[in-house]
Amino acid sequence: MTVLKAMYGGTFDPVHYGHLKPVEILANLIGLSRVIVMPNNVPPHRPQPEATSAQRKHMLELAIADKPLFSLDERELKRETPSYTSETLKAWRAEQGPEQPLAFIIGQDSLLNFPSWHDYESILDNAHLLVCRRPGYTLTMKEDAHQAWLDRHLTHSAEDLHRTPAGKIYLAETPWFNISATLIREHLERGESCSGMLPESVLTYIEQQGLYRHAGH
């Protein structure tokens, strides 16, 4: 059986346990041995990151240094234009060949907004979607046509993900960690402790770089 490869994108400004722990649990649930973490440079859906590309990359390197599950992909950091997942996954599919099972990991909030993504329908042509569940979020898409799209691609079998190259959506029962990059940035700005929210090595680097501390504090 070909080993399923998964990619996990995000701004990671900064990376924290809410990013890493659900994905580690997901990997155990469905038998993933490798997750490629891909920080984006110019995210199309949100404000620009506070930390530079180089700083975010370094924080990720620190965070995954002792986690063999994760490796880093810098392709989107090298782009000056907006990073569209559909384009990245097309390129990844071309590199990996037509038979290799590939998957892209997102949170449940992203799934609900998924039809607003650039060229969203092509994403499932190139990869499966692995969705980390979040308590309190509905599992119903806003429009009937999008719900029909979800139902059409939904699978409850991890085997399907390993057996087919792309095209399935899998909802994983991962626990929710009430940590966000916004929350961490707010804590740091106020000089409050973020202990337990992100790896100590990342926290030390943030302090060394004076990140997320705004003038007047």
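**Close-up 1. Strand 1 and strand 4 lie side by side in the predicted model.** Strand 1, which covers residues 5-10, runs parallel to strand 4, residues 102-107, and the two are joined by 4 bridges.

**Close-up 2. Tyr 8 and Phe 12 form an edge-to-face aromatic pair.** A search of the whole structure gives 5 aromatic pairs, and in the pair made by Tyr 8 and Phe 12 the ring centres are 5.6 Å apart, with 70° between the planes. The pair counts as edge-to-face because its angle is over 60 degrees, the cut-off for that class. Tyr 8 counts as buried because its relative accessibility, 11%, falls under the 20% limit, and Phe 12, with a relative accessible area of 3%, is buried as well.

**Close-up 3. Phe 114 and Trp 117 form a tilted pair within an aromatic cluster.** The ring centres of Phe 114 and Trp 117 are 4.7 Å apart and their planes meet at 45°, so the pair is classed as tilted. Phe 114 is buried, with a relative accessible area of 0%, and Trp 117 is also buried, with a value of 14%. Together with Tyr 120 and Trp 149, these two residues make up one aromatic cluster.

**Close-up 4. Lys 21 is placed over the ring of Tyr 17.** In this view, Lys 21 lies over the face of Tyr 17, and the distance to the ring centre is 4.5 Å.

**Close-up 5. The buried residues of helix 8 pack against helix 9.** In helix 8, which spans residues 181-189, the buried residues are Ala 181, Ile 184, Arg 185, His 187 and Leu 188. These residues cover an arc of only 160° around the axis, and therefore they lie on the same side of helix 8. An α-helix has 3.6 residues a turn, so residues three or four places apart point the same way. Helix 9 (200-209) is the element against which the buried residues of helix 8 pack. After helix 8 comes Gly 191, which has a positive phi, near 75°.

Conventions: Residues are numbered from 1 along each chain as its sequence is written. This is a predicted model: local features need pLDDT of at least 70, side-chain atom pairs count only at pLDDT 80 or more; totals for chains, interfaces and linings use all residues. Side-chain values use heavy atoms; hydrogens and water are left out. Two strands pair if DSSP finds at least two bridges between them. Rings of Phe, Tyr and Trp (its six-membered ring) pair if their centres lie within 6.5 Å; planes under 30 degrees apart count as stacked, over 60 as edge-to-face and the rest as tilted. Buried means under 20% relative accessible area, exposed over 50%, partly exposed in between (1.4 Å probe, protein chains only). A charge sits over a ring if NZ of Lys or CZ of Arg is within 6 Å of the ring centre and within 35 degrees of the ring normal. The arc is that of the directions from the helix axis to the C-beta atoms. Contact means heavy atoms within 4.5 Å.
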